[in-house]
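Please read them beside the structure.

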Amino acid sequence: MAGPGEGAREGPDAGAHEGTLDSHPHGPGDGDGHGSGSGSGDGVLEAAPTVLVLAVLLAAAGCYLFAVRGARRRNPVLGWSGRRSASFLGGLAVLAVALLPPLGPAAHTDFRGHMAQHMLIGMYAPLALVLAAPVTLALRTLPPTGARRLTALLHGRPARLLTHPAVALALSTGTLGLLYFTPLYDTAMSHPAGHWLMNAHFLASGCLFAHAVAGPDPAPARPGVPARLVYLGIAIAAHALIAQAVYGGFYVHIHAPVDQVRQGAEIMYYAGDVAELLLAAALVATWRPERRGRRPRTGQGAVAAGRASGGVPAG
């Protein structure tokens, strides 16, 4: 499939970027009242999200490393993979790049910054976090009662539904059409809380899809590898079509300058391709084909087990 810049319409008639120049919501420092009479108070308010993000990321890193220590103490022979720990910390680092300055504040006012943040939060960070196998780590460190409850939750109907690739695909890629082809994007960007909710959705839905396709954690509703490859192929095609539609301005409701929208669409197209290739590689790397061998006959198995146990037939 050609890139978003190939064959797209050119010039100001290139599409329906409604209100492209002046309708995009401005950041807290824009406007005529810039810096008037609220200096230190505004500085504290602007720093609050940064401090909160840092606190949450550091807390997540601390909880994971504490659980790793517990898993290694409980079973020193089995231990815990250092690559999984590095993957989790790498995912948190990607989130830090996406949410902290300079990209975090720029995403509020620049569509290119929003799209770069979207790719990092919704595609790259989820893959790294999922490959860290946090559910498996929790099952190894929780007490037996807690582990049984978590296992029952994973086998429950809501969890099985959410972790099915079809549902995860609809939540991650399907909602992009609702976001960029309806006024939902402008509505979310006009309120700070809406922007944070949108980022939370990107992260949660991205983790669900990465887990459904290539996650190493247990997933009772996960289909076989051929079916997961089909869902991944659908996601790749849908993602590319949405990026091209945004670039061409077809029925797009994004109040931003045309050049920002087109460059954001290019980021979505090419960065999305790389992320989906990484997801496909993770699917191949985590695939463990079932080994089907001949089962010994009952009589032979009982005799062999009996000899091993001192002459008493087993079974």
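Q: Is Tyr-64 buried or exposed?
A: This is a predicted model: local features need pLDDT of at least 70, side-chain atom pairs count only at pLDDT 80 or more, and totals for chains, interfaces and linings use all residues. Residues are numbered from 1 along each chain as its sequence is written, and side-chain values use heavy atoms, with hydrogens and water left out. Buried means under 20% relative accessible area, exposed over 50%, and partly exposed in between (1.4 Å probe, protein chains only). Tyr-64 has 4% relative accessibility, so Tyr-64 is buried.

Q: How far apart in space are Tyr-64 and Pro-134, C-alpha to C-alpha?
A: Tyr-64 lies in helix H1. Contact means heavy atoms within 4.5 Å. Tyr-64 touches residues including Trp-80, Phe-88 and Pro-134. In sequence, Tyr-64 and Pro-134 are 70 residues apart; in space, C-alpha to C-alpha, the distance is 7.7 Å.

Q: How many helices does the protein chain have?
A: Helices (H or I, at least four residues) and strands (E, at least two) are DSSP runs, numbered from the N terminus. The protein chain has zero strands, and its helices number 13.

Q: What share of the residues in the protein chain is buried?
A: The protein chain exposes about 17,200 Å², and carbon and sulfur atoms supply 66% of that area. Such areas come from the Shrake-Rupley method with a 1.4 Å probe; for residues, only the protein chains shown count as cover. Of the 315 residues, the buried share is 38%.

Q: Which residues have the most contacts inside the largest nonpolar core?
A: A nonpolar core is a set of buried Ala, Val, Leu, Ile, Met, Phe, Trp, Tyr and Cys residues joined through side-chain atoms within 4.5 Å. The largest has 47 residues, and those with the most contacts inside it are Phe-111, Tyr-180, Tyr-185, Val-246 and Ile-254.
Elements giving two or more residues to this core include helix H1 (39-74), helix H4 (111-131) and helix H12 (258-286).
A second, separate core of 14 residues includes Leu-169, Phe-209, Leu-232 and Ala-235.

Q: At roughly what angle do the axes of helix H5 and helix H6 cross?
A: Axes are lines fitted to C-alpha atoms, for helices over the stretch in contact, and angles run from 0 to 180 degrees between N-to-C directions. Val-135, Ala-138 and Leu-139 in H5 meet Ala-147, Leu-150, Thr-151 and Leu-154 in H6. The axes of H5 (residues 134-141) and H6 (residues 144-155) come within 8 Å and cross at roughly 145 degrees.

Q: Is His-239 buried or exposed?
A: His-239 sits in helix H11 (residues 225-248). Residues touching His-239 include Met-119, Thr-173 and Glu-276. At 3% relative accessibility, His-239 is buried.

Q: What is the relative accessible area of His-211?
A: His-211 belongs to helix H10 (residues 192-214). Among the contacts of His-211 are Val-130, Asp-217 and Arg-222. His-211 is buried, and its relative accessible area is 12%.

Q: How many disulfides does the structure hold?
A: A disulfide is a pair of cysteine sulfur atoms within 2.5 Å. Cys-63 is exposed at 55% relative accessibility, and Cys-207 is partly exposed at 22%. The number of disulfides is zero.

Methods: Lists of a residue's contacts leave out its neighbours within four places in sequence.
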